[in-house]
Amino acid sequence: VKFVYDFTEGNKDLKDLLGGKGANLAEMTNLGLPVPPGFTITTEACKVYLDSGEEPAALRDEVSAHLAALEGRMGKKLGQADNPLLVSVRSGAKFSMPGMMDTVLNIGLSDKSVQGLAKQAGDERFAWDSYRRLIQMFGKTVLGVDGDLFEDALEAAKKAKKVAVDTELEAADLKKLVAKFKKIVKTEAGRDFPQDPREQMDLAIKAVFDSWNGDRAKLYRRQERIPHDLGTAVNICSMVFGNLGPDSGTGVAFTRDPASGHQGVYGDYLQNAQGEDVVAGIRNTVPLSELERIDKKSYDRLMQIMETLENHYKDLCDIEFTIERGQLWMLQTRVGKRTAGAAFRIATQLVDQGLIDEAEALQRVTGAQLAQLMFPRFDEKAKVEQVGRGIAASPGAAVGKAVFDSYTAVKWSRSGEKVILVRRETNPDDLDGMIAAEGILTSRGGKTSHAAVVARGMGKTCVCGAEELEVDTKRRRMTVPGGHVVEEGDLISIDGSSGKVYLGEVPVVPSPVVEYFEGRMHAGADDADELVEAVHRIMAFADRKRRLRVRANADNAEDALRARRFGAQGIGLCRTEHMFLGDRRELVERLILADTETEREEALKELLPLQKSDFVELFEAMDGLPVTIRLLDPPLHEFLPDVTELSVRVALAEARQEPHENELRLLQAVHRLHEQNPMLGLRGVRLGLVIPGLFAMQVRAIAEAAAERKGAKGDPRAEIMIPLVGTVQELEIVREEADQVIAEVQAAAGTELKLAIGTMIELPRAALTAGQIAEAAEFFSFGTNDLTQTVWGFSRDDVEASFFTSYLEKGIFGVSPFETIDKDGVGKLVRDAAKAGRATRPDLKLGVCGEHGGDPESVHFFHEVGLDYVSCSPFRIPVARLEAGRAAS
Ligand code: PEP
Ligand code: MG
């Protein structure tokens, strides 16, 4: 194998091997764009290192060969005393990953070569500044020295000199600073700063490899569900300098606005600075448009390159560039992160420009982004007290208590508080606080600052660079214009779409996207919201492409109607137990307590018309579409009063010598029905088999409701679903009784009802014997909640609050299996059961109605295993439609 690729050898499709940065540097090189020459060490080399603890044997020689070639091309040697070649060493995984070692610049500088650089550049100050940056970055990221020590020393140097910014320090000051920095390294790292340039490079490469397994990197991967075994590539790139004076500089640019998607000139530029200064938000940048005035030639060339890149990648690109004495260099490009709204707009804009087709447009958006757009926003009419305005870095409306450090953010959010993390600026150490917070507010930094980039990636609300806010993290407070002080724990509200910051809690209103789905806002109108327009079009693309149908989990007409507006093509799960609550509980109590057949029949007779009217409403709301009604599932004790409460009542009545016969009977029933493990007890079909008449009553209610709707010229399409079946025998018994009831109702109504009878597949045994069960079932609906519970042996009501956090932290799974289907275990049962069921009954209808039916990743899985539909809660229907469309394109 080959472990090192020259930039001229790779291309953008080699991200697995070269990482995102390396693949794109190669792509730009091959497009003929000005990229400083260099080479990339592959992720394969990293993987060998991570697995064995040692770099692959061949790596050193390969690096030497590529370095020699680079030195030949540049006409100077790494660290050469009189005319040094300097390189940067940068990490570059397949996915960009905050928390990893990022960059060490100026590798190759030493006590000797710093002199050579000074001569060669004709600028002593520049050379010493470059050297002190190397020691600082190298010390911090490679040798693990606390970065604050360098920062403090730099601050002290500025103070001693009475200057405000680094650029005012002169060569002599920087020389002293270098000595100071070297001392810090010696004391803290227990070794001298390495003077051998090759040793610098090798150590930096190793540090990049090691940073793959840093805590923050691991945390980020778990958050973003990035596999832990990808490894990172390392890019070695010859240095160009943005800090060679006013005709030099560095910047970042977007080919479109990552917040709105609009085309234009977006980015930040910093004159006389080196790369990381911009991203770190340390000094204030100027808008990219200013570059036109500062250096028209470079500006024009940059605009031209941006157009080339957009047309080439057919997408929004973000770019890092450096200008060295009037010469423009491209240091990085990638398909840029964007807000959810911009993703939808950009996808439709690119379709209109003819750059991509509908199927590709669907790949440019995600269900998670759509879900984000369906969040509420701040009420524009609310009375608010605005205290600042920063940059709208990541949209959303967030309300919470102000906290000023990551630790408190995590602690408070664990105890159920909503918090806003307020910082001057964030750095990778703030990552877990950012995850815990509702939103992030900073007083420094632009759209490309750490806070902004990371928050956008996480879909978190973020306002950054709100400069008039004085954030004092030491005293845990922030002073707003006018002098008011926000203390830790005070409520604030931030609007990531406008950048506005408010005191107190601002009320929120529904999103325009929800208003659109609800039919209260329309696409196509002259003044239509741009976002709604884009969502409307993308949804149409998805509906055209998808094979999966989407149904709703709904138990009442109101939810059913909303689901229909949201695009539901039927009801996949009506949980009838929800119809047994409220004032009907008493009837259910009588049913449970019945001592005689007559008493029981009385109770059932009273329940029948109530159930029937529920179903009539539901069939009306879903007229013409399938409605799957599940017979009673939960254990009966759920309908009885709490045992402690009841015991107290009985004891009190006894003490007072009051009559308490009923309470006593109830208490006895509660005791009789008590189960240690009700989830695995008398519920579902088991209940139907031991309580005579219960399922028959429900089937009769369904059949009579259907007959009534038919009589009213409706088109009811009921499907009767039996829960918790484990063996075909259970189903056969229930089925026989149901068929009889249906036949009676049909005869009485003089009409054929065409009611389908099917079952849930939610127990491992049902899945394993699906071939047999299909003989008695016209459809299967996978109950992946119970199936996950029983396959894993995880109590669905307990585990997420108990040990799942530690499972997630240990990386046992990246996401709860109750949220995203466990493909290898639960998913395998689904796949096999679907196949076995269809082998028995080729026209068997297959769906899923567990929570997974609305989860993006799971929807793709259900598409792939050939289900006919997914069913989910009404609000997730648009997401499921979109993902079903994406899965099919
Ligand atoms: C299931 O188990 O997946 C299901 C849909 O049923 P319930 O959640 O009501 O148990
Ligand atoms: Mg279930």
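Me: What makes strand 7 (residues 263-271) and strand 8 a pair, and in which sense do they pair?

Reply: Strand 7 and strand 8 pair in the antiparallel sense over two bridges; two strands pair if DSSP finds at least two bridges between them, so this pair meets the criterion. Across this pairing, D268 stands opposite P287 in strand 8. This is a predicted model, in which local features need pLDDT of at least 70 and side-chain atom pairs count only at pLDDT 80 or more, while totals for chains, interfaces and linings use all residues. Residues are numbered from 1 along each chain as its sequence is written, and chains are lettered from A and ligands numbered from 1 in the order in which they are written.

Me: Why do strand 8 (286-287) and strand 10 (327-335) stand at the edges of their sheet?

Reply: The open sheet has five strands in the order 8-7-6-9-10, with antiparallel pairing. Strand 8 and strand 10 each have a single partner strand, so one side of each is left without a neighbour in the sheet. Helices (H or I, at least four residues) and strands (E, at least two) are DSSP runs, numbered from the N terminus, and the chain has 35 helices and 31 strands.

Me: Why is C849 called buried?

Reply: A residue is buried if 20 or more other C-beta atoms, placed from the backbone, lie within 10 Å of its own, exposed if 12 or fewer, and partly exposed in between. C849 has 28 other C-beta atoms within 10 Å, so it is buried, and its place is in the loop between strand 30 (845-848) and helix 34 (856-864). Leaving out residues up to four places away in sequence, C849 touches N553, G572, L573, S781, G783 and S871, where contact requires C-beta atoms, placed from the backbone, within 7 Å.

Me: How do you know whether the "active site" positions gather at one spot, and which residues are they?

Reply: The UniProt annotation, from an unreviewed entry, covers H450 and C849; such annotations may be inferred rather than shown by experiment, and their positions are given in the numbering used here. They span 400 residues in sequence and the farthest two C-alpha atoms are 40.1 Å apart, so they do not all gather at one spot. H450 is found in helix 18 (residues 450-458) and is buried, with 22 other C-beta atoms within 10 Å.

Me: What makes the buried residues of helix 21 line one face?

Reply: In helix 21 (residues 557-565), D559, A560, A563 and R564 are buried. Seen down the axis, these residues fall within an arc of 140°, so they line one face of the helix; the arc is that of the directions from the helix axis to the C-beta atoms. They pack against strand 24 (549-553), strand 25 (571-575), helix 23 (597-621) and helix 35 (877-887). Helix 21 is followed by G567, whose phi is positive, near 105°.

Me: What makes a set of residues a nonpolar core, and which residues have the most contacts inside the largest one?

Reply: A nonpolar core is a set of buried Ala, Val, Leu, Ile, Met, Phe, Trp, Tyr and Cys residues joined through C-beta atoms within 7 Å. The largest has 258 residues, and those with the most contacts inside it are I538 and I702. Its largest share, ten residues, comes from helix 27 (residues 694-711). Leaving aside neighbours within four places in sequence, I702 is in contact with F615, I629, A718, I720 and L755.

Conventions. Contact = placed C-beta atoms within 7 Å.
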